[in-house]
Amino acid sequence: MSPLKRRALLLLLALGALCAVIVAFQRLRVERPNRTVALAVDYAEVQNLAELSGVALPEVLQKLRQVGVTHVALTEWSLEEMVRSLPYPTPRLLPDNVAWQLKHKLPNSRITSDYAGGDLIRIASALAATAARMPKLGVGYDYEAAASIRDAGLQVIARPRPDYTVTAQALGVSLDGAKAIQAKIVIFNGTQVLGNGGLLAQTASALDSRGLTYGYVELIPQEGESELARHLGYRLLRVHSISETEMAEKMTPGTALDRYSLAVRERKVRVCYVRLFFDQGESPLTTNLEYVAALAERLRGDGFTLGEPVLYSAPTPHRSLRIGLYLGIGAALLWLVQSLLGLSVPWFWGLFLLLVVDALVEGFLGGRFSRDLAALTAGVVFPAWGLLALRPPERPAARPVRRAVGTFVAISGLTLLGALLAAAPVTTQPYLLGLAQFRGVKLQQVLPLLLVLAVTLARSMPRYREARLELGEHRAEIWSLREGLAEALGLAVRYWQALLIMFGLATVALLLIRSGNEPPIGASGLERQFRAFLDHLLWVRPRTKEIFFGHPLLVLSLILLFRGSRRGVWLGLTAGAVGQVSLLNTFCHLHTPLAVALVRAFHGLWIGLLVGLVLWAIVSAVERRLYPAPSAPQEEQEEEDWDWPDRQESL
C-alpha cells in the first residue's frame, strides 16, 4: 500500500477511534451515577412468612425494612379471590374500591347496578357466575395492606392483573387503582402486559399521565412487553426475579444471591424482586432475614445503594459522531480489502470516495439498519484484521516469547478498538437496556474465524510462498492465497487430521450454541461453581473461552511462529481467533455496563496470556524431552534447531 493511501485510511481510522471514545465516555457518564437499587418482596409471601413464624405482619415488615428491603409488591385482587373471601357472594360486602372497579370494567353487568333495593339473589348469582367466567379479572387492591406497607416505611409496587382488561376505560381504571395505593412502580402480573390486545399505546400514555414507571421483568417474557417499551420511549426499569418453578426445584439462598448480584452488576437491573425461602433452615423468618441482609450487604459492597431507583437517560450519539464512526469502520474494511486484493489507484480512490459519501448520507439519513450494519462490519473486520496482518518471519526471532507477547497485545488492542467502534453506533436506549439485540451475532462469530482459517492455511503452503516469489510483493496477495488454498484442498487428509478437524468444528459449534444469555446448552454444575468463584475473586469474571482456549492458543501459536515453526501454526492461529471474537463480542452485550465489559476484557487478557505462557512452558518441556539438543558447535546447533520437523511441509 502506498504511503498516501495509508495516511488517508489512518486519518479516517483515527477520526473513527476519537468518535468511539467520545461515545464511550457519554455512555459511562450515564451508567456510572445510576447506582440505586430497589429490594422488593412479595406481600403474599410476607403474609405466609408471618403466619408460619407466629409473628405479627407489621413486625415482619419492620424487620425486613431493617435488613434492607425497600419495596413490597402488592398484587391486585382477582374477582375469584374476592368472591371466595366473602361469606356469601353478595355485592353489598364488596369493598368500595372493588365495586368502583367492577362498575367501570363491567359497565353493563347486573352486579354493578344499584342493588340497594334490587333482587339480591339474582345479583349474587350474577356475581358468582362472572367470577367463574373471568376468575383473573383484576378488581382493585387491599387498601389496608397498602397502608401497612407504607406504615412500615416501605414503598408499594403495584401488580395489576391485565386479564380481561380490554378497553381504554378499563386499563385507565386499573392504573388508577395503582396510583391510589401510592405506587410508583408497576410490574404486571401474569403472562402479558396491560393493554396487550391492541391498547399498548393507551397503556403507555396512562402510565405516563399517572407518573407510574413500568418494571420490565427480564428472562421471564410477558406478551407485549417489547412494544409497550417502545411506546414508552424505553423509560422503564429492569427487574430480575426467580420463577416459582426455579425456587421449587434447585434454588438455594447462595445461588439466589449470586443471581441477583450478577443481574444488578452486569445487566442494569435496578429492581430485585426477591423470592423468599420456606424450606431452608429451622426458622423461616431468621433464614430469610439473613438471606435478604446478605443480599443487601453484597450490593452495598459492589458500590450500590438501596432505595427508589431512577431511570437511565438516553445517550444517543449525535449524527456527526455517527459519521465519524462510519468513516472509521469503512476505512478498516477498505484497508483489509486493499491488503488482500491490491486495488489499483482508480479503484482504491473510487471506493474511498464512495465510503466518504456513504458515511455522510447514512449519518444524516440512515436509521437502525445503517447502525446495525456498521456494528456488524466492525465486529467481523477487527477480530480478523490483526491476525491477517501477521506475516511469518523470514528467520526465527531472537526473543520469540517477548515478540509473541508484544504481538498478542497489539492484536488484542486492535480488537478492542474494533469493539468500541462496533458498540458506538448502536449505543441507544433499546440496546443499553437489553430490549434490542446486536444483530448478526452468529455471523460476527463465524465469519472472522473462516477468514482467518482460509488465509492462514493458504499462507502455510509452499505454493503460496512460491507464488509470492514469482508474482512479486507488488501483486495482489489474493492470487498467492488462491494457489495456497488450492494446494491445501488437494492434499490427502489422514485419519488423525480428519479427527482433529472434526474436533475443531465441534468446538466452534459448541461455542456458537452456548453464546447468548439463554443458550440451549448451559454450563455444567462444576462450571457454574467455577464461574461463581471467579466472580467472587475478580468482581467480574472473564469469559472461559478466552482464558482457557482462545488467548492461550494464540500466545502459544505466536511463540511457535516467531521461532520459525510453520507446521500446524495456522490451526493454532485460527483457534486463537476465537478469543479475539469473544473479546469483541463482550462489548456487543450493551446492557452490560461499559466499565464491567472493560474489566472483563482486561481479566481475560492477562489471565489468557498467563495461561498461554504456562502452556508454552509445558510444550517446551515436552520438546526438550522428545528432541534433545545435540552436542554440536553453537552454529550447527542453531541450524539444527531451525531444521527440526517444522521444516517438513505438511498440514
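The entries below go from the whole chain to single residues.

**Entry 1: the whole chain**

I started by noting that this is a predicted model. I counted 27 helices and eight strands in the chain. The C-alpha atoms fill a box of roughly 115 × 60 × 45 Å along the principal axes. I then looked up burial: 51% of the 651 residues count as buried. I also looked at how far apart in sequence the contacting residues sit. Among contacts with a separation of 6 or more, 80% join residues 24 or more positions apart.

**Entry 2: cavities**

How many cavities of 30 Å³ or more does the structure hold? I found five. The largest cavity has a volume of about 150 Å³.

I listed its lining next. L387, L390 and P392 are among the lining residues. T456, R459 and S460 also belong to the lining. So do L561, S565, R566, V569, W570 and L573. By class, I get seven nonpolar, three polar and two charged residues in this lining.

Which helices each supply at least two residues of that lining? They are α19 (441-459) and α25 (569-586). Helix α25 gives the most, with three residues.

Is Q580 buried or exposed? Its relative accessibility is 0%, so Q580 counts as buried; the cut-off for buried is under 20%. Leaving out residues up to four places away in sequence, Q580 touches P383, F408, I411, S412, T415, H551 and L554.

**Entry 3: α21 and its two partners**

I describe two packed helices by the angle between their axes and the distance between the axes.

I took α19 with α21 to begin with. Their axes come within 8 Å and cross at roughly 80°. That angle makes α19 roughly perpendicular to α21, because 65 to 115 degrees counts as roughly perpendicular. On the α19 side, the contact is made by A454, V455, L457, A458 and R459. On the α21 side, it is made by E477, L481, G484, L485 and A488. These residues divide into seven nonpolar, one polar and two charged. I noted that R459 of α19 is in this contact and also lines the largest cavity.

Then I took α14 (residues 319-341) with α21 (residues 477-490). Here the angle is about 65°, and the axes are 5 Å apart. This pair is therefore also roughly perpendicular. S339, L340 and L341 in α14 meet E477, I478 and L481 in α21. By class, the contact has four nonpolar residues, one polar and one charged. E477 and L481 are listed in the contact with α14, and both are listed in the contact with α19.

I looked up V41, found in strand β1 (residues 36-42). V41 has 1% relative accessibility, so it counts as buried. The C-alpha atoms of V41 and V72 are separated by 5.0 Å, although the two residues are 31 residues apart along the chain. Not counting residues up to four places away, V41 touches V46, L64, V69, H71, V72, A73, V274 and L276.

Next came T213, in strand β5 (residues 213-217). T213 has 19% relative accessibility and therefore counts as buried; the limit is under 20%. With residues up to four places away left out, T213 touches K184, I185, V186, L236, L237 and L311.

I checked two residues here. Y164 has a positive phi of about 65° although it is not a glycine. Where does Y164 lie? It lies in the loop between β3 (155-159) and α8 (168-180). At 40% relative accessibility, Y164 counts as partly exposed.

K268 also has a positive phi, near 60°, and is a residue other than glycine. K268 lies in the loop between α12 (253-266) and β7 (269-274). Is K268 buried or exposed? At 2% relative accessibility, K268 counts as buried.

Conventions
Residues are numbered from 1 along each chain as its sequence is written. This is a predicted model: local features need pLDDT of at least 70, side-chain atom pairs count only at pLDDT 80 or more; totals for chains, interfaces and linings use all residues. Side-chain values use heavy atoms; hydrogens and water are left out. On a 1 Å grid over the protein atoms alone, a cavity is a set of points where a 1.4 Å probe fits but cannot get out, and a pocket is an open set with protein on both sides within 12 Å along at least five of seven lines; lining residues have an atom within 4 Å of a point. Grid points are joined across faces, edges and corners, and a volume is the space filled by probe spheres set on the points. Helices (H or I, at least four residues) and strands (E, at least two) are DSSP runs, numbered from the N terminus. Ala, Val, Leu, Ile, Met, Phe, Trp, Tyr, Cys and Pro count as nonpolar, Asp, Glu, Lys and Arg as charged, and the others, Gly among them, as polar. Axes are lines fitted to C-alpha atoms, for helices over the stretch in contact, and angles run from 0 to 180 degrees between N-to-C directions. Angles under 35 degrees count as roughly parallel, over 145 as roughly antiparallel, 65 to 115 as roughly perpendicular and the rest as oblique. Contact means heavy atoms within 4.5 Å. Buried means under 20% relative accessible area, exposed over 50%, partly exposed in between (1.4 Å probe, protein chains only).
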